Amino acid sequence: MGEELKGKLFNQKKDGWKDLEDKEKKEVFEISESYINFLNKAKTEREFIKQAKKLADENGYRDIMTFDKLNTGDKIYFINREKSMYLAIIGEKTIEEGVHIIGSHVDSPRLDLKPNPLYEDTQLAYFKTHYYGGIKKYQWTTIPLSMHGVIVKANGEKIDINIGENEDDPIFTITDLLPHLAQEQMEKKLKNGIEGENLSLLIGSIPYDDGKVSEKVKLNILNILNKKYGITEADFTSSEIELVPAFKGRSLGLDESMIAAYGQDDKVCAYTSLQAMMELQNVKNTAICILSDKEEIGSMGNTGMESHMFDFFLSEILNKLGINRPNLLDKVFCFSKMLSSDVDAGYDPIYASVSDKYNAGFLGKGISLNKYTGSRGKSGASDANAEYVAWVRNMLEKNNIKYQVAELGKVDIGGGGTIAYILANKGVDVIDCGVPVLSMHAPYEVTSKYDVYSAYKTYKAFWTE
Ligand code: MN
Ligand code: MN
């Protein structure tokens with residue numbers, strides 16, 4: 001009797017793998033496999049947007065700029081400077097009743113090349129880097145790194161760079177001290193063990209074959225680059241080159257229940273929401289998918305969510321529906337709902353002390369809702385209204401989606417943020433809602449395949465609501 005009452009009254013987080021039917025289990029593994037394949041082609045924001053455009057084009061989406069007029073059912077997108085993207089399906093209801101937004105980000109922590117990166121020291125050539133986003137620097141040494149990005153020459157010619165992903169490509173690495181001589185380094189605090197300025201990438205060691213000239217190794221490297229891409233050293237000043245782990249996303253565990261891959265924060269939510277959107281047909285409220293950039297460095301700049309580019313996209317929809325009028329955009333925001341689809345810190349039993357286990361997100365228990373983020377007394381948080389959380393719970397429960405409500409870690413232990421507050425500040429009802437991750441921001445992050453599936457189901461249900 002007590003057990004029965006407990007079952008009725010307790011809020012028990014359900015194990016996703018338990019009682020999973022064969023058919024559904026198959027779907028869990030299928031979507032995870034597509035996700036891994038997508039990730040391996042989309043390690044940077046530019047690559048993600050390129051793949052997303054391809055998928056959208058294949059599924060009948062068109063650039064909003066090619067439309068004079070929009071109608072119910074139209075599938076549109078807008079790409080902002082190759083690094084962020086908004087997609088939408090025009091709903092049956094009038095847009096004044098609000099839009100349903102799912103917003104993730106496609107940038108991930110990494111190392112960027114400095115504007116003047118190339119130097120030679122003691123017959124070794126290096127690229128200097130400046131890290132992007134919150135990284136633990138020691139994790140980025142002695143691993144294979146690949147080079148991705150663009151170099152734009154002064155005449156506008158753009159060269160795509162992608163070295164280190166194919167089996168026969170060379171890779172690059174950042175060296176670290178041998179333990180035999182690391183006595184001093186090992187006494188330092190972990191955060192000071194590797195200096196940011198020392199994250200220099202080893203890229204060459206053969207000198208240019210001419211006895212008189214100085215900096216022969218640097219010259220040889222520039223000569224190789226000049227022959228291959230037609231560039232000179234000055235062209236690096238107008239480039240965006242990112243160093244990311246060269247290893248592939250893979251299934252993890254003897255039971256293959258998990259995924260290890262670079263950049264899952266937040267490409268796991270970006271991919272699952274994008275995939276869900278591709279399968280939508282008719283929606284009541286206009287459905288919008290945001291793939292934003294620069295979240296990892298505070299969402300600033302014209303490809304980040306703090307810019308007015310998203311307002312521009314919505315205004316363009318209002319214009320092309322032929323209904324725009326002063327302040328209509330504000331009204332649309334006020335009646336809109338959003339899932340800020342960003343990853344959550346998964347509970348790690350090895351580092352249990354940072355989490356409150358009653359309020360943590362666990363791997364394999366489904367999508368994780370964070371009512372608020374922030375730090376030190378919810379500072380900087382967008383705290384979702386109870387009414388809206390209830391609406392989201394109802395949507396999930398109606399669709400038999402297992403979910404958990406969590407917070408990032410113990411009180412005062414740290415904190416973080418997402419793009420949630422940016423849309424909430426415009427009047428949208430927003431809650432953070434994503435996949436729990438282990439080793440977040442590390443070169444190799446871990447997720448559960450069940451949670452990837454759960455995210456996909458959640459996003460689809462939200463737009464279908
Ligand atoms: Mn994130
Ligand atoms: Mn992050």
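Donors here are N, O and S atoms within 2.8 Å of the metal (3.2 Å for Na, K and Ca), and sites may look incomplete because water is not among the atoms. This is a predicted model, in which local features need pLDDT of at least 70, side-chain atom pairs count only at pLDDT 80 or more, and totals for chains, interfaces and linings use all residues. Residues are numbered from 1 along each chain as its sequence is written, ligands are numbered from 1 in the order in which they are written, and side-chain values use heavy atoms, without hydrogens and water.

Let us start with the metal site. The manganese ion (ligand 1) has its protein donors 2.1 to 2.6 Å away: His105 (NE2), Asp265 (OD), Asp342 (OD) and Asp342 (OD). Along the sequence, these donor residues follow the spacing H-x159-D-x76-D. His105 lies in strand β4 (residues 100-105) and Asp342 in the loop between β14 (337-340) and β15 (344-345), so the pair ties together parts that are 237 residues apart in sequence. Strands are DSSP runs of E with at least two residues, and helices are runs of H or I with at least four, numbered from the N terminus. Both His105 and Asp342 are buried, meaning under 20% relative accessible area (1.4 Å probe, protein chains only). Asp265 also bridges to a neighbour, the manganese ion (ligand 2), with 3.3 Å between the two ions.

| Residue class | Lining residues |
|---|---|
| Nonpolar (Ala, Val, Leu, Ile, Met, Phe, Trp, Tyr, Cys, Pro) | nine residues |

β18 (403-406) and α9 (386-398) each supply at least two lining residues, and β18 gives the most, with four.

Technical notes. Buried means under 20% relative accessible area, exposed over 50%, partly exposed in between (1.4 Å probe, protein chains only).
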